[in-house]
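Here is a short report on a structure, written for reading beside the model. Keep the sequence and the 3D view open as you go.

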Amino acid sequence: MMLSTFLLSSFLMAAEPCGVRLQAFSIWEDLEGNRIVEKHSVFPLGNWSDASAFEGVIVSRSEGPKMSLMIELKNSPNGRAIKTATFPFQAWERDAKSLVARGFNARQFLGNAGNGVYTMTVLKENEIVCRETHGIVSEGAYQ
Amino acid sequence: MRSFLFLLLLVPFGAAADIPVPTPRPNPEEAAPRPAEQGAPVTSKAVRVTAKSLRVRTAEGIHVCSIRRGTQVTAIGRDPNQDRLKVRINARGCPSEAYVSSAYVMPDGEGWNDIVTKVEAPQLALRGRPSPSGAFRCGLPRDTEVVIINEEPERAASGSWVEVALTNPVSGCPDRGFVNSSYLQPSDVFKQLPFVNEVGSGLNADHGTEAGTPCADGSCERGSPGAQNIQDLVDASQVGPKNPFLEELRKMIRNPGTKPQGFNSHRGLIQMPLLGNRGNIGPCGSFHYNPDQPVGVDAYANPVTACAFTAFLQDWKKNECPDREGGCRIAWGNISHRTQIGYKRGVWPHRTHTDGHCIDVRPARSGAFADSPMTWRQRGYDRETMKKMIAKMKDYGADTMYFNDRACGTAYASGHDNHLHVCFKPGPKTRAACDNLVIDPQTCPELM
């Protein structure tokens, strides 16, 4: 496992960026008429901060089966991963055209990280599809 | 008699707290710590204020007065849970004993010079000048050891900027520069003071959901009958002209320390009313993004701030942005935490959001509203609407504003590309905004 993670990491530099293939989403509530309804927004991945938080990530169902998300957390872009996890992409009940990284809770994973970077790698049957790296900015910790 | 009272004041604060006489001005000799090697406990220490203005608070964290830079007070204890000291004060309008942040005082006489300490933040900017706009030299990693070589550098942006030298080289960093000392570990110099813990059990307690809504009793689950029928609430509100939220705000403003009926409050702050299980639905069509857990624990405001901000929200919705589906809708985030009085890594990393005066607001966007990040550099950012929003906030007493689109006339601060940091501090303009506020049930049904 350790070896495969190491080998995977060594290929990461060559991976292409995900762009719109991997998107973030948030779930929120609003008033519609007299009722409270749940809605969701989908938007490009970016830096994580209080004002730029998201709940999870999705890919298009057209990417096919056996997709998974690997996420790494680092203190700096060239640092060692301090936290790594993998989540399978599965059907998303909010949008039949999308697959959601099941079990990934961005607030839990990134919310208390302070400053650093996170890297998301989309895998298909353990082959790297694409990769994105963004910052984690904790306002107040960095004057 | 006088000397007897003076002797009483020298014993630990618990015994002296009830003495009903004015506290004498601290005497540095009286306060000097005894040598640590003798093992003798230090019961007090003379300190002076380094911030331009330092807030003095009760044990519960309620702001009661402020003292100026250079004011001398006597530290008589430290809070084991917060970075704050219990102090004796001799200043007009202040109680004789109260609490202040330990980050903004230094030992009188000896000061901080030559004190060795470490970086407390995950990364701390080392700058070329003692200001947030000073040239960035490098980021000092957490636990980097520094020695303070000048505690009061010239032209410092605030009293918390110090000049430091690195005790060991850090790759890519010069050997000295300027940092904000608020992000350095508290010095050991107060560690000999006795612990005090007078805060009620309410602090740090888990109170479940925090949203000031029927969700607090679990009655607003999705689909539950009658949950959140806003029209019912509007109809009910039209029976009488008074608005409960506004009434309670005014009571709190008139009599600080008053607990509002029907709304969550703590340490003199009131929670902004939020609807829904997620705490997203704010007053007057506003949206509360990224609510902390328990839901809404990050939405506590000073009553004057809450009142002026509500007045702004109502005006904005009524006159500028009636459509809650529009990108002009106000999306606000952190105000202040219910219990976190100061910075706490991983819990409340917001040093400028502790008094309930300041609010984070996302930039306006063109097109439709969405709960998604927006920066002023991004396509879809609506500068003209943002300028209008800022101008209107000023009409309601907003002053300090950080937002990095300088075309908006706001000040630059790192990390403020994606939100405006705005403060509605209690003052003549915010109080007037509050005095003149009449809630319109059609514009702000969420408040009914």
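## The sheet of chain A

In what order do the strands of the open sheet in chain A lie? The order is S2-S1-S3-S6-S5-S4-S7-S8, a sheet of 8 strands with antiparallel pairing. Strand S2 (35–44) and strand S8 (127–136) of chain A stand at the edges. Each has a single partner strand, so one side of each lacks a neighbour in the sheet. From one strand to the next, the twist averages 30 degrees. This is a predicted model, and the values below are computed from it.

Chain A holds 2 helices and 8 strands. Along the sequence, the pattern reads α-β-β-β-β-β-β-α-β-β. Of the 143 residues in chain A, 50% are buried. Take the contacts in chain A with a separation of 6 or more: residues 24 or more positions apart account for 57% of them.

## Strands S5 and S6 of chain A

Look next at one pairing within the sheet. Strand S5 (residues 81–91) of chain A runs antiparallel to strand S6 (residues 98–101) of chain A, and 3 bridges join them. Which residue of S6(A) stands opposite Phe89(A)? Ala101(A) does.

Strand S5 of chain A also holds Phe87(A).

## Rings and charges in chain B

Now turn to chain B. Ring pairs link a cluster there: Phe309(B), Phe312(B), Trp316(B), Trp332(B) and Phe424(B).

Arginines also sit over rings in chain B. Arg329(B) lies over the face of Phe369(B), 4.6 Å from the ring centre. The charged end of Arg362(B) is placed over the ring of Tyr289(B), at 4.1 Å from its centre.

## Disulfides in chain B

How many disulfides does the structure hold over all chains? There are 7. Among them is the link of Cys65(B) and Cys94(B), with sulfur atoms 1.9 Å apart. The torsion about its S-S bond is about 115 degrees, so this disulfide is right-handed. Cys65(B) lies in strand S3 (residues 63–68) of chain B. Cys94(B) lies in the loop between strand S5 (84–88) and strand S6 (97–101) of chain B. The pair links distant parts of the chain, 29 residues apart. Cys65(B) is buried at 9% relative accessible area, and Cys94(B) is buried at 14%.

Cys307(B) and Cys434(B) form another disulfide, with 1.9 Å between the sulfur atoms. The angle about the S-S bond is 80 degrees, and the link is right-handed. Cys307(B) belongs to helix H6 (residues 303–320) of chain B, and Cys434(B) to helix H8 (residues 428–435) of chain B. The pair therefore ties together parts that are 127 residues apart in sequence. Cys307(B) and Cys434(B) are both buried. A further disulfide joins Cys321(B) to Cys328(B), S to S 1.9 Å. This link of Cys321(B) and Cys328(B) is right-handed, with 80 degrees about the S-S bond. Both cysteines, Cys321(B) and Cys328(B), are buried.

## Strand S19 of chain B

Which way do the side chains of strand S19 (residues 358–361) of chain B point? Cys358(B) and Asp360(B) point one way. Ile359(B) and Val361(B) point the other way. All of them are buried.

S19(B) pairs with strand S21 (residues 420–423) of chain B in the antiparallel sense, over 4 bridges. In S21(B), Cys423(B) is the bridge partner of Cys358(B).

How values were computed: Residues are numbered from 1 along each chain as its sequence is written. Chains are lettered from A and ligands numbered from 1 in the order in which they are written. This is a predicted model: local features need pLDDT of at least 70, side-chain atom pairs count only at pLDDT 80 or more; totals for chains, interfaces and linings use all residues. Side-chain values use heavy atoms; hydrogens and water are left out. Two strands pair if DSSP finds at least two bridges between them. Axes are lines fitted to C-alpha atoms, for helices over the stretch in contact, and angles run from 0 to 180 degrees between N-to-C directions. Rings of Phe, Tyr and Trp (its six-membered ring) pair if their centres lie within 6.5 Å; planes under 30 degrees apart count as stacked, over 60 as edge-to-face and the rest as tilted. A charge sits over a ring if NZ of Lys or CZ of Arg is within 6 Å of the ring centre and within 35 degrees of the ring normal. A disulfide is a pair of cysteine sulfur atoms within 2.5 Å. Buried means under 20% relative accessible area, exposed over 50%, partly exposed in between (1.4 Å probe, protein chains only). Contact means heavy atoms within 4.5 Å.
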